[in-house]
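I opened this notebook to keep a record of what I looked up in the structure, entry by entry.

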Amino acid sequence: ADTLVELKQRWFEQTGATIDLPTICRAMALLVYTRKRLTAYCKRRDERKSLRWRQYVIDRFTPQQLLILDETAKDDRVFNRTYGFAPPGKPAISKRGFNLRGQRYSTLGVFSLKGMVDCAHKKGGFKKRSFLDAVQNHVVPHIGIFEEGEDQSVVVIDNCRIHKQHKFVEMVEAAGGIVVWL
């Protein structure tokens, strides 16, 4: 998804002719392009693997058994465009990634079918030790016993390097749960 200024520049580079922004807007309206919020996808996204994983989870667990962990971070300054143009029915997708700067604040969210169960916040990013501390204090107390079919007994988490610790898996299993990697 290009900005109007980027489209103007690309037009000039390809044709050598200049074009005004209102002209680009009128042309996009005639092509039925609309302004939309940008969607950013991971470059390594594999839709087939994603569908296989979803089916694996559906076949083996109930929704009530899932306890989902996810981290998010926010910086003081974020210079990302949030809108772009795309045809009707198509998302506006950015392939540029994210440019984050400034002081970082991180949160580890714990979610179940009931909503947000707990969360841990910290200044800066999570490291191995701080991640394990957050798990011990904010995740382990909510884990059910998988063998008894209890709710919140299947901990779902992504493959981030700091998550792939044997100690993390031991903590979840000691509480009676199991880990399923995204």
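What percentage of the 182 residues in the protein is buried? I am working from a predicted model, and in it buried residues make up 29% of the 182 residues.

Entry on the fold. I went through the secondary structure and found five helices and eight strands, which, read along the sequence, follow the pattern α-α-β-α-β-β-β-β-β-α-β-α-β. I then looked at contacts between residues at least 6 apart in sequence, and noted that 65% of these join residues at least 24 apart.

Entry on the largest pocket. I noted about 1000 Å³ of space in the largest pocket, and of the 24 residues that line this pocket, Cys-42, Arg-44, Asp-158, Asn-159 and Leu-182 are the closest to its centre. Which elements each supply at least two residues of the lining? I found that α3 (47-60), β2 (66-78) and β5 (100-112) do, and that α3, with five residues, gives the largest share of the lining. Sorting the lining by class, I recorded 11 charged residues, six polar ones and seven nonpolar ones.

Entry on the cysteines. I searched the whole structure for disulfides and the search returned zero.

Entry on backbone angles. I kept in mind that most residues other than glycine have a negative phi, and I looked up two residues with this in view. Val-32, which is not a glycine, has a positive phi of about 65°, and I located Val-32 in the loop between α2 (21-30) and β1 (34-40). Gln-152 also has a positive phi, near 55°, and I placed Gln-152 in the loop between α4 (128-138) and β7 (154-157).

Is Gln-152 buried or exposed? I have Gln-152 down as buried, because its relative accessibility is 9% and the class covers values under 20%. For Val-32 I wrote partly exposed, because its relative accessibility is 46% and exposed would call for over 50%.

Methods:
Residues numbered from 1 in each chain as written. Predicted model: local features only at pLDDT ≥ 70, side-chain atom pairs only at ≥ 80, totals over all residues. Heavy atoms only, no water. Helix = DSSP H or I, 4+ residues; strand = E, 2+ residues; numbered from the N terminus. Buried < 20%, exposed > 50% of the residue type's maximum accessible area, 1.4 Å probe, protein only. Contact = heavy atoms within 4.5 Å. 1 Å grid on protein atoms, 1.4 Å probe; cavity = no way out; pocket = protein on both sides within 12 Å on 5 of 7 lines; lining within 4 Å. Points joined across faces, edges and corners; volume = space filled by probe spheres on them. Nonpolar A, V, L, I, M, F, W, Y, C, P; charged D, E, K, R; others polar. Disulfide = S-S within 2.5 Å.
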